[in-house]
Amino acid sequence: MNREAPGRVQLPEVADTENFGRELAATLRAGDLVILDGPLGAGKTALARGIGAGLGVVGRITSPTFVIARAHRAGGPGRPGMVHVDAYRLGGAEGDGMAILDELDALDLDTDLTDSVVVVEWGAGVAERLAGDHLLVSLTREPESDIRVAQWRWSR
């Protein structure tokens with residue numbers, strides 16, 4: 001997978017979504033921001049699990065809905081950690097980027113975000129202000145099917 005090229009893939013099973021996350025992880029490095037967009041049930045958390053597995057981070061990847069963010073330590077020297085964020089409740093109604101940064105800082109994640117890949121669920125339209133460059137992955141579900149479709153592109 002080319003880090004710069006946009007793409008699209010069908011994901012018939014949850015395992016396919018997780019495997020796609022592993023492939024994405026191979027292109028990511030510390031300091032990268034990944035925004036996962038899509039409706040409820042589109043596969044955002046499954047994709048985050050795959051990214052975490054591909055990065056080799058420590059700890060089980062689950063939805064951070066109730067805690068807002070989880071920091072996962074790097075799995076070894078020279079590897080990035082992962083901060084998994086649920087932006088659904090962050091930043092207020094205006095989606096103010098500074099409010100998001102303040103709220104993330106207030107969570108006291110005990111991690112330097114520049115040493116981690118930051119994966120933000122429900123982040124489109126909100127989290128882009130966290131970094132100039134980010135990878136946007138849009139997930140949709142085909143009508144009357146369990147097949148998901150992922151489309152991705154880097155924004156600079």
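Let me begin with the basis of the values. The structure is a predicted model, in which local features need pLDDT of at least 70 and side-chain atom pairs count only at pLDDT 80 or more, while totals for chains, interfaces and linings use all residues. Residues are numbered from 1 along each chain as its sequence is written, and side-chain values use heavy atoms, with hydrogens and water left out.

I turn to the overall fold. The protein has three helices and seven strands; helices (H or I, at least four residues) and strands (E, at least two) are DSSP runs, numbered from the N terminus. Read from the N terminus on, the order of the elements is β-α-β-α-β-β-α-β-β-β. Of the 156 residues, 45% are buried, where buried means under 20% relative accessible area, exposed means over 50%, and partly exposed lies in between, with a 1.4 Å probe and protein chains only. Among the contacts with a separation of 6 or more, 65% are between residues 24 or more positions apart; a contact means heavy atoms within 4.5 Å.

Next, the interior. In soluble globular proteins, nonpolar side chains tend to be buried together. A nonpolar core is here a set of buried Ala, Val, Leu, Ile, Met, Phe, Trp, Tyr and Cys residues joined through side-chain atoms within 4.5 Å. The largest such core has 23 residues, and the members that touch the most others are Phe-20, Val-34, Leu-47, Ile-51, Val-119, Leu-135 and Val-137. At least two residues of this core come from each of helix 1 (14-25), strand 2 (33-37), helix 2 (44-55), strand 5 (116-121), strand 6 (134-141) and strand 7 (148-155). Helix 2 supplies the largest share, four residues.

Leaving aside neighbours within four places in sequence, Leu-135 is in contact with Leu-24, Leu-28, Leu-33, Val-34, Ile-35, Trp-152, Arg-153 and Trp-154. There is also a second, separate core of 10 residues, which includes Val-83, Val-85, Ala-87 and Ala-127.

I now come to the packing of two helices. Two packed helices are described by the angle between their axes and the distance between the axes. For helix 1 and helix 2, the angle is about 45° and the axes are 7 Å apart; axes are lines fitted to C-alpha atoms, for helices over the stretch in contact, and angles run from 0 to 180 degrees between N-to-C directions. Helix 1 and helix 2 are therefore oblique to each other, since angles under 35 degrees count as roughly parallel, over 145 as roughly antiparallel, 65 to 115 as roughly perpendicular and the rest as oblique.

Which residues in helix 1 meet helix 2? They are Val-14, Thr-17, Glu-18, Phe-20, Gly-21, Arg-22, Leu-24 and Ala-25, and they meet Ala-46, Leu-47, Arg-49, Gly-50, Ile-51, Ala-53, Gly-54 and Leu-55 in helix 2. The residues of this contact divide into nine nonpolar, four polar and three charged; Ala, Val, Leu, Ile, Met, Phe, Trp, Tyr, Cys and Pro count as nonpolar, Asp, Glu, Lys and Arg as charged, and the others, Gly among them, as polar.

Asp-16 also lies in helix 1. With 28% relative accessibility, Asp-16 counts as partly exposed. Its C-alpha atom is separated by 9.3 Å from that of Ala-46, 30 residues apart along the chain.

Two loop residues deserve mention. Thr-27 sits in the loop between helix 1 and strand 2 and, at 13% relative accessibility, counts as buried. Apart from neighbours within four places in sequence, Thr-27 is in contact with Met-1, Arg-3 and Asp-32. Gly-38 belongs to the loop between strand 2 and helix 2 and is buried, with a relative accessible area of 10%. Gly-38 and Ala-150 are 112 residues apart in sequence, yet 9.4 Å apart in space, C-alpha to C-alpha.

Is Glu-144 buried or exposed? At 88% relative accessibility, Glu-144 counts as exposed. This residue is in the loop between strand 6 and strand 7, and it has a positive phi of about 55° although it is not a glycine.

His-72 is buried, with a relative accessible area of 6%. Its C-alpha atom and that of Val-83, 11 residues apart along the chain, are separated by 6.1 Å.
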